[in-house]
Amino acid sequence: MKIYIITIFPDYFECFKNYGVVNKAIKSGLVEINAINLRDFTTDKHKTVDDVVYGGGPGMLLKPEPIFKAFDYIKNISKNPYTIITEPWGKTFNQEMARKLAEKEEIVIICGRYEGVDERVKTLVDEEISIGDYILSGGEPAALVIMDSVIRLLPGVLSDDESKEVDSFSDGLLGYPNYTRPAEFRGMKVPEVLLSGNHKLIEKWRRFQKLKRTYKNRPDLLEKAKLSVEDRQLLKYIIEGKEFEDLIKEGKIA
Ligand code: SAH
């Protein structure tokens, strides 16, 4: 995948490229991240990228010309990139959107700054994306969030490809709790089931915990999640306030 970012702060992305799975993905040629400096596409001495807002009002806007020129430049060196702009009024980013983006060969991300960008830039854009209901000072942190979630989904990026499947949201539910050694830490014990070696029971415990966490933290997700008959039964117990251990004691789970 090739990613082109149109930004007034290309250095912003250097740190991002140097760490973790993103760095590995770059090194193994699975992704290329090109931050394009918007100021390189200005024509005046001061490399002006912004201007006042028509109709009055506070702040400045990114001018259309440099963005269109930067976009033309990218079009020339790429095939048919899918173009995103980061906007607070865009569709709220989620795992499904990340999955769809991970299928694209080339992506352009236009980062707004100041009061935003001239509305005519929208004619270049396939999708407006927000990362949540709050206002950032620029699109760059949103671009980082989008890229990070997309890059880890690219085939071959995660060493254990399975870990994508057990992550929160992958099946519409939140993830289950995890523990590592020691089995007891400052008086806090790892749940017995996880030490049992009974894989079927562990699987059930994890499903129960996923459902419980989703019910408690994000009940809205349950409406869309694909739930089996067994899931619905577990959910009924959860709503009744039962713990997994109670269900074992009561013989409802074996
Ligand atoms: N005037 C705008 C806010 C501009 S914030 C308004 O009325 O909503 C400046 C830039 O930051 C935006 O152009 C956009 O690129 C980026 N930005 C701000 N909040 C964002 C969010 N929640 N998601 C994605 N990008 C955001």
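Q: Which helices each supply at least two residues of the lining of the largest pocket?

A: In this predicted model, helix H4 (95–101) and helix H9 (219–224) each contribute at least two lining residues to the largest pocket. H4 gives the largest share, namely four residues.

Q: What is the volume of the largest pocket, and which residues are the closest to its centre?

A: The volume of the largest pocket is about 480 Å³. It is lined by 16 residues, of which Asn-94, Gln-95, Phe-169, Leu-221 and Lys-224 are the closest to the centre. Sorted by class, the lining holds six charged, five polar and five nonpolar residues.

Q: How does the radius of gyration of the protein relate to that of a compact globule?

A: A compact globule of 254 residues would have a radius of gyration near 18 Å, whereas the protein has 23 Å. Along the principal axes, the C-alpha atoms fill a box of roughly 75 × 45 × 40 Å. The protein has eleven helices and nine strands, and buried residues make up 44% of its 254 residues.

Q: How much space lies in the second largest pocket, and which residues are the closest to its centre?

A: The second largest pocket holds about 300 Å³ of space. Among its 21 lining residues, Thr-86, Glu-87, Pro-88, Leu-136 and Gly-138 are the closest to the centre. Strand S5 (82–92) and strand S7 (127–130) are the elements that give two or more residues to this lining, and the largest share, four residues, comes from S5. By class, the lining of the second largest pocket has ten nonpolar, eight polar and three charged residues.

Q: Is Glu-87 buried or exposed?

A: A residue counts as buried when its relative accessible area is under 20%. Glu-87 has a relative accessible area of 7%, and it is therefore buried. Glu-87 is placed in strand S5.

Q: Which residues is Glu-87 in contact with, leaving aside its neighbours within four places in sequence?

A: With those neighbours left aside, Glu-87 is in contact with Val-117, Lys-122, Glu-128, Ile-129 and Ser-130. For the protein, 75% of the contacts between residues at least 6 apart in sequence join residues at least 24 apart.

Q: How many cavities of 30 Å³ or more does the structure hold, and which residues line the largest cavity?

A: The structure holds one cavity of 30 Å³ or more. About 40 Å³ of space lies in the largest cavity. Its lining consists of Met-1, Ile-3, Ile-84, Leu-101, Ile-107, Ile-109, Ile-146, Met-147 and Val-150. Two or more of these residues come from strand S6 (106–110), and likewise from helix H5 (140–151). H5 supplies the largest share, three residues.

Q: How many nonpolar, polar and charged residues does the lining of the largest cavity have?

A: The lining of the largest cavity has nine nonpolar residues, no polar residues and no charged residues.

Conventions: Residues are numbered from 1 along each chain as its sequence is written. This is a predicted model: local features need pLDDT of at least 70, side-chain atom pairs count only at pLDDT 80 or more; totals for chains, interfaces and linings use all residues. Side-chain values use heavy atoms; hydrogens and water are left out. On a 1 Å grid over the protein atoms alone, a cavity is a set of points where a 1.4 Å probe fits but cannot get out, and a pocket is an open set with protein on both sides within 12 Å along at least five of seven lines; lining residues have an atom within 4 Å of a point. Grid points are joined across faces, edges and corners, and a volume is the space filled by probe spheres set on the points. Ala, Val, Leu, Ile, Met, Phe, Trp, Tyr, Cys and Pro count as nonpolar, Asp, Glu, Lys and Arg as charged, and the others, Gly among them, as polar. The radius of gyration is taken over C-alpha atoms; the globule rule is 2.2 Å times the number of residues to the power 0.38. Buried means under 20% relative accessible area, exposed over 50%, partly exposed in between (1.4 Å probe, protein chains only). Contact means heavy atoms within 4.5 Å.
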